[in-house]
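Could you walk me through this structure, step by step? I am new to it and would like a plain tour.

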Amino acid sequence: MNIYINGKNQKLDAKQTTLAMALSMFLNDNQTNSSFAVAINGEFIGKEYYDKTVLSTDDSIDVLFPIVGG
Amino acid sequence: MSLTIYGQPLKSRLLIGSALYPSPQIMKQAILASQSQVVTLSLKRQNPADKSGAKIWQYLQEVVEQCQGHLLPNTAGCKTAKEAVTLAKMSREIFKTDWIKLEVIGDDYNLQPDPIELLSATEQLINAGFKVLPYCTDDLVLCQRLYDLGCQVIMPWASPIGTGKGLMNPYNLETIRLRLPEATLILDAGIGKPSDACIAMEMGYDGVLLNSAVALADNPVMMAKAFSAALQAGEQGYVAGIMQQRQTAHPSTPTLDTPFWHQPGVS
């Protein structure tokens, strides 16, 4: 299955993958231990739904982290 | 005299950004020197190899803790209401605050807010329980509509973000103050020098939000102190009551009992 994480194309072998599984595969340790939030196809997904959210092919996942701002 | 944002009293009337400083250390020193208790920040994608993001976040948490302050996440970069609403929800989860500095940009050249998308996003976010601080143009009717939707705080621009041009349309800003006496008005964006902030406060604005003017100064820490003093001076000037301008000169020194050689006809 094909998905996009932060705009980058990623291949998943499993036929059915949850958001939690995809994040554990594609985030490094630093990122996993940081504060982050997720949207799929432009819709916010709360942390409590990571395990329950099943990905579809070509889903676009945005993982955002804190940064300075004005 | 303190500023209140959505029921939260704050010691300083300055809200300050965390971007563009020469280093994280200078950012921290400048924010603390400003005495601000509201610090803006944002969210973005992160390259897995880049570890600087986590460090910045740690710095910001330390700063906010030291100044007993509050984080104010923004929706910078959003161009539609949908994008802004999604980003606001992501921010709320991470930063554990329902405050959101709502930015929806309609033009890339001057980063001018899109009033239509801004109103739509404001309505959706208020319905979702957010306390919205909308960044908007100095359009009276737009500000009125935002207030009517339930924004207790409204943040018209002084001039486009990062220009440092100061107050482009003082008449518009004064009119907004006059017509929305109950709203908390924060002048946001375009502030270049401490006197700009002072003028806003003399108009009766409740506060000022800025970033570049401090971060891009030769000495950001000293400039942060200068802005802090300028806001206090402007606020005290407003509260003290500024004299009416007069068309003609009036002597300051009493003219009664002037010496005889000042009398007409005496040489």
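What follows is a tour that goes from chain B as a whole to its cores, a few single residues and a pocket.

This is a predicted model, in which local features need pLDDT of at least 70 and side-chain atom pairs count only at pLDDT 80 or more, while totals for chains, interfaces and linings use all residues. Residues are numbered from 1 along each chain as its sequence is written, chains are lettered from A and ligands numbered from 1 in the order in which they are written, and side-chain values use heavy atoms, with hydrogens and water left out.

Let us begin with chain B. Its C-alpha atoms fill a box of roughly 90 × 40 × 35 Å along the principal axes. The chain has nine helices and twelve strands; these are DSSP runs numbered from the N terminus, with helices (H or I) of at least four residues and strands (E) of at least two. Of the 267 residues in chain B, 50% are buried, where buried means under 20% relative accessible area, exposed over 50% and partly exposed in between, for a 1.4 Å probe and protein chains only.

Now to the interior. In soluble globular proteins, nonpolar side chains tend to be buried together. A nonpolar core is a set of buried Ala, Val, Leu, Ile, Met, Phe, Trp, Tyr and Cys residues joined through side-chain atoms within 4.5 Å. The largest one here has 79 residues, and Ile5(B), Ile154(B), Leu187(B) and Val208(B) have the most contacts inside it. Helix H3 (residues 81-95) of chain B gives the largest share of this core, eight residues. A second, separate core has 16 residues, including Ile3(A), Ala22(A), Val38(A) and Val63(A).

Beyond four places in sequence, its contacts include Pro134(B), Cys136(B), Tyr147(B), Leu180(B) and Thr184(B). Thr184(B) itself sits in strand E11 (residues 184-188) of chain B. Is Thr184(B) buried or exposed? It counts as buried, because its relative accessibility is 14%. In the loop between E11 and helix H7 (194-202) lies Ala189(B), whose phi is near 85°, a positive value in a residue other than glycine. Ala189(B) is buried too, because its relative accessibility is 10%.

Setting aside neighbours within four places in sequence, Glu83(B) is in contact with Gly77(B) and Cys78(B). Phe95(B) is also in H3, but it counts as buried because its relative accessibility is 7%. Beyond four places in sequence, Phe95(B) touches Pro66(A) in the other chain, along with residues of chain B including Leu41(B), Trp57(B) and Pro73(B).

Helix H1 (residues 24-34) of chain B has its own set of buried residues: Met27(B), Lys28(B), Ala30(B), Ile31(B), Ala33(B) and Ser34(B). Just after H1(B), Gln35(B) takes a positive phi of about 65°.

Next comes the largest pocket, with a volume of about 410 Å³. A pocket is found on a 1 Å grid over the protein atoms alone, as an open set of points where a 1.4 Å probe fits, with protein on both sides within 12 Å along at least five of seven lines; lining residues have an atom within 4 Å of a point. Of the 28 lining residues, the closest to the pocket's centre are Gly70(A), Glu103(B), Leu111(B), Ile161(B) and Gly162(B). Leu111(B) is in the loop between strand E7 (105-107) and strand E8 (112-113) of chain B, and has a positive phi of about 50° although it is not a glycine.

Our last stop is in chain A, where Asn6(A) lies in the loop between strand E1 (2-5) and strand E2 (8-11). Its side chain reaches the backbone nitrogen of Val63(A) at 2.8 Å. Beyond four places in sequence, Asn6(A) is in contact with residues of both chains, including Ile61(A), Arg45(B) and Gln46(B).

Terms used:
A polar contact is a pair of N or O atoms within 3.5 Å; within protein, one must be able to donate a hydrogen and the other to accept it, and residues adjacent in sequence count only if both atoms are side-chain atoms. Contact means heavy atoms within 4.5 Å. Grid points are joined across faces, edges and corners, and a volume is the space filled by probe spheres set on the points.
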